[in-house]
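Hello,

Here is the structure I promised to pass on to you. Please have a look at it first, and then read my notes below.

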Amino acid sequence: MTDWNPAHYLNFADERTRPARDLLAQVPLTLARRIYDLGCGPGNSTALLVSRFPQARVTGIDNSPAMLEAARAACPAADFAFGDLSIWLPPDQPDLLFSNAAFQWVPGHLQVLERLAAGLQHNGVLAVQMPDNLGESSHRLMREAAARGPWAAKLREAAAARDVLPAADRYYAQLKPHFRRLDIWHTIYNHPLDGADGVISWLGSTGLRPFLAPLEEAERADFLARYRSLLAAAYPLQTDGKLLLRFPRLFIVGTR
């Protein structure tokens, strides 16, 4: 798959940063000295951490060179390093491991979160947010468009690029032994977008990437035309011409 596109991702910077702000608001720390932002992307969530904990050493970790380059330019007060979250471990005992919309891309992420939890300081916090939207029309129709076109063979594996999130009780059962306090909740955001094209623009830098990457340019245009028509039929426009994209997200905050 091609590298991430930071500029495209940040077309919706406020909407993508809002869950990070909501997650950080629930982090029960008044002081932190060592923080890692896991899957830091272009540094929008890292900047929140630097602002909240100005005395801390903050390091963003990501596996995208393009995202890391953008993050270094956007947030010079933090450090940034390449890392594969499926195997990464902190070289020290952090006070906070923070992750906004990254672990849904990590295979077997629940076991990875267990491993990371074990390395926290006493009273350290693991704070994670992940999109839980694979059952939404936006993604169901993406899979439908992929399965019904001449590109079906090329896109057979695209839907497996992201983990289907387990139910909240499974997260609780596996993570609670590592924490004295564990909070798990969902928030549903409703984003007003510019019709079906707005959804495609939103998802083009995230959920659509595994579906678009294997296709040639002409196939990509045809696939998006098919997907666009399915979206237009599924999402009614509001009185102001906007489409409301329903977007559930899962939040986890554990304290050692």
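Let us begin with His-178, whose contacts, once neighbours within four places in sequence are left aside, are Glu-114, Ala-117 and Arg-256. Please keep in mind throughout that this is a predicted model. You will find His-178 in the loop between H7 and S6. As for Glu-114, the C-alpha atoms of His-178 and Glu-114 are 7.3 Å apart in space, although 64 residues separate the two in sequence.

Glu-114 also leads us to a pair of helices. Helix H5 (residues 109-117) packs with helix H7 (residues 168-175) at an angle of about 35°, and their axes are 10 Å apart. H5 and H7 make a right-handed crossing. On the H5 side, the residues that meet H7 are His-109, Leu-110, Gln-111, Leu-113 and Glu-114. Their counterparts in H7 are Arg-170, Tyr-171, Gln-174 and Leu-175.

Next, the sheet. In what order do its strands run? The order is S3-S2-S1-S4-S5-S7-S6, which makes an open sheet of 7 strands with mixed pairing. At its edges are strand S3 (79-82) and strand S6 (181-193), each of which pairs on one side only. On average, and with direction ignored, neighbouring strands of this sheet are turned by 20° against each other.

Within the sheet, S5 and S7 are paired in the antiparallel sense over 7 bridges. If you want a place to look, Met-130 stands opposite Leu-250 in S7. Helix H2 (residues 13-24) touches strand S4 (96-100), S5, S6 and S7, and its direction makes about 150° with that of S4. Helix H8 (residues 195-204) also packs on the sheet, where it touches S6 and S7; the direction of H8 makes about 30° with that of S7.

Ser-138 has a relative accessible area of 1%, so it counts as buried. Beyond its neighbours within four places in sequence, Ser-138 is in contact with Val-199, Leu-203, Tyr-227, Leu-231, Tyr-235 and Leu-245.

Finally, the charged pairs. Side chains of opposite charge can pair when their charged atoms come close. How many salt bridges does the structure hold? There are 11 salt bridges. One of them joins Glu-136 and Arg-246, with the closest N and O atoms 2.6 Å apart. Glu-136 is in the loop between strand S5 (125-131) and helix H6 (137-148), while Arg-246 is in strand S7 (residues 243-255), so this pair ties together parts that are 110 residues apart in sequence. Glu-136 counts as buried because its relative accessibility is 14%, whereas Arg-246, at 36%, counts as partly exposed.

Another salt bridge, between Glu-144 and Arg-140, has its closest N and O atoms 4.0 Å apart. Both residues lie in helix H6, 4 residues apart, which is about one turn of the helix. Glu-144 is partly exposed at 22% relative accessible area, and Arg-140 is partly exposed at 39%.

Arg-181 and Asp-183 form a salt bridge as well, and here the closest N and O atoms are 3.0 Å apart. Arg-181 has a relative accessible area of 49% and is partly exposed; Asp-183 is also partly exposed, at 25%. Lastly, a network of salt bridges links Asp-14, Arg-18 and Arg-21.

Enjoy exploring it!

Best wishes

Technical notes:
Residues numbered from 1 in each chain as written. Predicted model: local features only at pLDDT ≥ 70, side-chain atom pairs only at ≥ 80, totals over all residues. Heavy atoms only, no water. Salt bridge = Lys/Arg side-chain N within 4 Å of Asp/Glu carboxyl O. Helix = DSSP H or I, 4+ residues; strand = E, 2+ residues; numbered from the N terminus. Buried < 20%, exposed > 50% of the residue type's maximum accessible area, 1.4 Å probe, protein only. Pairing = 2+ DSSP bridges. Axes fitted to C-alpha atoms, helices over the stretch in contact; angles between N-to-C directions. Contact = heavy atoms within 4.5 Å. Left-handed = near helix turned anticlockwise from the far one by under 90°.
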